[in-house]
Amino acid sequence: MPSSAFSRMIDLVRLMGWFDVERARMYRLILSIVTLLVVFVMIVSSRHGIDLTGKPLGTDFLAFWSASTLALSGKASAVYDLTQLYAVERGSMPVDPGLSSFLYPPPFLLLCLPLGLAPYFISLTIWLVTTGTAYWLVVRRWLGDHAGAVRGATMTILAYPAVIMNVGHGQNGFLTAALLGGGLWLLDRRPLIAGALLGALIIKPQMAFAIPVLIFASARWRVMLSGSAMALLLCIASWFVFGTGAWNGFLSGSETGRGILEHGLVEPGKLVSVFAAVQILHGGVALGYVVQAAVAVGAAALLARVTWRRDIQRGGDAAVCVCAGALISPFFLDYDLTTTAIPLAWLFSEALRRGFLSWEKAVLVAGYLLPLVTRDLALHLGIPIGPLVLIALLSACARAAIWKAGPVTPDRGSSGYDENLGHHATSVA
């Protein structure tokens, strides 16, 4: 292929001037319609709450609801006994749903406690509506309000494929993303509240691995104190409510979680971590941990470097923190990509403010579509693209965080900002 033709092909992706407001609006509409259709089909095709695959609607939520049922009956420690948990799950469904384990710490069990007070499907609906509303409010805030960017935000958020992934699993991705995004949004606005929200991530600690790097690198000590107090308070409260038995059950079950990761009891294609990518490529457990550690250290180092700067764009350290956290955790599933709506929203908002830099449109599109394609590519084709897209998003957010205004460069000037997206931000967002 002639070099000039190859360069033109690269420019099509690097600049994406062809990706104008009309295309963005059309693709968003298509995704929104598909999302609604999938939810509709899931509901109408189910029989007594069982979908066409023989699984209950909100498959993973069954573990939350069953754990609550056991805890409400005074058997909190039995939540971590797979035999007893499965007995409740099996007894609550007209068919064998298969085992859904509960590997979360007692503070999350404390949060789940009211779920068993209502019938399963009513509880599932309340769970998704309440946590989904919190998620929508937080991501809408990160989209920003300059240039009319909030108009159309609801459709943009609902069309994000991670939303339907989380709904289908009945998972806690909305909740953890709301806590993470809300806490990071309030870092400098309300540091004590920010710390409390981030500390509440003790309910799912792997979602908070990058937060200490951000806190220490930026010397946000009030956030640290508030977060530590909240995490400690939730641990003490859960011990007071459930007793020592629940904590013993959780700690003894940690080996179960490790076995699930290392022995593929959760298919690696469902994860988007570096560790899972190595497993998909037949690299082995030891190599997986080595590569995972190397990427985690690199992501943490980049986060620290960005955060140490005092001249970054507001919110840039938070966006980098979310991306780094997704790369640091080896147990990061595709429905956890709800959290990456935060850096995607921030990067998009920044691009509207100062114009799209080279590769930014491509990264935004790839990151937005990642939850839609990552599982199928990994499971059926053996192509684990998740970590690559997350690394690209991390790099783009780091560059945007330290970007300084200057003369219009050829990349920016030819990126189609003015004629395609910049003056039509209202329609795209």
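**Figure 1. Overall view of the protein chain in the predicted model.** The protein chain exposes about 19,000 Å², of which carbon and sulfur atoms supply 69%. The model is predicted, not experimental. The protein chain holds 23 helices and zero strands. Of its 429 residues, 54% count as buried. Among contacts between residues at least 6 apart in sequence, 75% join residues at least 24 apart.

**Figure 2. Close-up of the salt bridge between D317 and R220.** The side chains of D317 and R220 meet in a salt bridge, with 3.2 Å from N to O. This pair links distant parts of the chain, 97 residues apart: D317 belongs to helix α17, and R220 to the loop between α11 and α12. D317 counts as buried because its relative accessible area is 7%, under the 20% limit. R220 is also buried, at 14% relative accessibility. In the predicted model, the salt bridge count comes to eight.

Figure 3. The side chain of R353 meets that of E350 in a salt bridge of 2.7 Å, N to O. R353 and E350 are three residues apart in helix α18 (residues 341-354), so about one helical turn separates them. The two partners fall into separate accessibility classes: R353 is partly exposed at 40% relative accessibility, whereas E350 is buried at 8%. R354 forms a salt bridge with E360, again with 2.7 Å from N to O between the side chains. Both R354 and E360 are buried. Elsewhere, salt bridges that share partners join D188, R220 and D317 into one network.

Figure 4. A326 is placed in helix α17, which spans residues 316-328. With a relative accessible area of 1%, A326 is buried. Leaving aside residues up to four places away in sequence, A326 touches F332 and L390. V272 is 54 residues from A326 in sequence, and the two C-alpha atoms are 8.5 Å apart in space.

Figure 5. V223 lies in helix α12, made of residues 221-242. V223 counts as buried because its relative accessibility is 3%, under the 20% limit. Not counting residues up to four places away in sequence, V223 touches L187, P191, G195, L198 and I215. A196 is 27 residues from V223 in sequence, with 7.8 Å between the C-alpha atoms of the pair.

Figure 6. A219 has phi near 55°, a positive value in a residue other than glycine. A219 sits in the loop between α11 (211-218) and α12. At 35% relative accessibility, A219 is partly exposed. H282 is not a glycine either, yet its phi is positive at about 65°. The place of H282 is the loop between α15 (274-280) and α16 (285-308). H282 counts as exposed because its relative accessibility is 74%, over the 50% limit.

**Figure 7. Close-up of a patch of positive charge on the surface.** R140, R141, R189 and R314 gather in this patch. One of these residues, R141, is found in helix α6 (residues 120-143). At 49% relative accessibility, R141 counts as partly exposed.

**Figure 8. Close-up of a nonpolar patch on the surface.** The patch is formed by M26, Y27, I30, V34 and V38, which together have about 410 Å² of accessible area. M26 is located in helix α2, spanning residues 21-44. With a relative accessible area of 41%, M26 is partly exposed.

How values were computed:
Residues are numbered from 1 along each chain as its sequence is written. This is a predicted model: local features need pLDDT of at least 70, side-chain atom pairs count only at pLDDT 80 or more; totals for chains, interfaces and linings use all residues. Side-chain values use heavy atoms; hydrogens and water are left out. Patches are made of residues with over 30% relative accessible area and no salt bridge: like charges are joined within 9 Å, nonpolar side chains (Val, Leu, Ile, Met, Phe, Trp, Tyr) within 5 Å. Accessible areas come from the Shrake-Rupley method with a 1.4 Å probe; for residues, only the protein chains shown count as cover. A salt bridge is a side-chain nitrogen of Lys or Arg within 4 Å of a carboxyl oxygen of Asp or Glu. Lys and Arg count as positive and Asp and Glu as negative; His and the chain ends are not counted. The place of a charge is taken as NZ of Lys, CZ of Arg, CG of Asp or CD of Glu. Helices (H or I, at least four residues) and strands (E, at least two) are DSSP runs, numbered from the N terminus. Buried means under 20% relative accessible area, exposed over 50%, partly exposed in between (1.4 Å probe, protein chains only). Contact means heavy atoms within 4.5 Å.
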